[in-house]
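Here is a short briefing on one protein model. Look at the sequence and structure first, then read the points by topic.

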Amino acid sequence: MKNDPSQREAVITAYLSALRARDKETSSHSLRVSRLACEMAAELAWSEARCQKLKEGALMHDLGKLAISDAVLLKPGRLNDWQWQQMRKHPAEGARLIRQTPILNDLAPMVLQHHERWDGKGYPYGLKAAEICEEARVLALADAYDAMICRRPYHAPMPLPEVLSQIEQGRGNQFDPELTDCFLRLHPPIHHPF
């Protein structure tokens with residue numbers, strides 16, 4: 001079962017359907033993050049197998065939101081401190097669900113670590129730099145970009161130049177510096193002469 005790609009795909013599809021039924025935006029976000037992450041993997045010349053695993057991890061990265069209450073997950077407007085504490089549980093909850101699904105066990109580190117930061121100020125464990133798996137560091141960039149560029153219940157979409165500026169500013173603190181450079185090669189910032 002572990003090496004059966006069709007069963008693996010069926011499990012991922014089932015989880016995505018559950019996410020879509022719960023929160024359509026989370027499901028759409030996961031698809032966009034997957035596309036962005038795969039673009040980076042291609043730029044980094046990763047093997048086809050590694051790209052496929054990254055794609056699957058990207059699709060599953062927010063799976064833990066299934067364990068977040070509707071009052072928090074679907075709340076319009078900003079979350080208060082307690083609600084953010086609840087929302088920050090989704091990487092660990094997602095990894096827990098993945099670990100209960102042996103065919104997807106290898107995706108657990110990506111799911112668990114996608115909100116860790118290069119400078120160690122992320123969550124859930126405060127990992128930093130190379131302690132974070134490289135796939136999760138790619139997901140962090142794709143996830144942040146999509147979260148900023150798209151409408152969310154708690155904020156309007158940011159203009160693209162501002163989003164890219166935020167990514168640039170995150171280089172070396174929030175994001176892996178080399179991966180940030182890769183991301184910005186694919187999405188070059190627009191510098192206006194005025």
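The points below cover cysteines, aromatic rings and a pair of helices.

This is a predicted model, where local features need pLDDT of at least 70, side-chain atom pairs count only at pLDDT 80 or more, and totals for chains, interfaces and linings use all residues. Residues are numbered from 1 along each chain as its sequence is written, and side-chain values use heavy atoms, leaving out hydrogens and water.

**Cysteines**
- A disulfide is a covalent bond between the sulfur atoms of two cysteines.
- The count of disulfides (pairs of cysteine sulfur atoms within 2.5 Å) is zero.
- Cysteine 133 is in no disulfide; its nearest cysteine sulfur, in cysteine 51, is 15 Å away.
- Cysteine 182 has its closest cysteine sulfur in cysteine 51 at 11 Å, which is too far for a bond.
- Cysteine 182 is also buried (under 20% relative accessible area, with a 1.4 Å probe and protein chains only), at 0%.

**Charges over rings**
- A charge sits over a ring if NZ of Lys or CZ of Arg is within 6 Å of the ring centre and within 35 degrees of the ring normal.
- Arginine 50 lies over the face of tryptophan 46, 3.7 Å from the ring centre.
- Arginine 88 lies over the face of tyrosine 123, 5.5 Å from the ring centre.

**Helix packing**
- Helices here are DSSP runs (H or I, at least four residues), numbered from the N terminus.
- Helix α8 (residues 134-149) packs against helix α10 (residues 177-186) at about 45°, with axes 10 Å apart; axes are lines fitted to C-alpha atoms over the stretch in contact, and angles run from 0 to 180 degrees between N-to-C directions.
- That angle makes α8 oblique to α10; oblique covers what is left after under 35 degrees (roughly parallel), over 145 (roughly antiparallel) and 65 to 115 (roughly perpendicular).

Technical notes
Buried < 20%, exposed > 50% of the residue type's maximum accessible area, 1.4 Å probe, protein only. Helix = DSSP H or I, 4+ residues; strand = E, 2+ residues; numbered from the N terminus.
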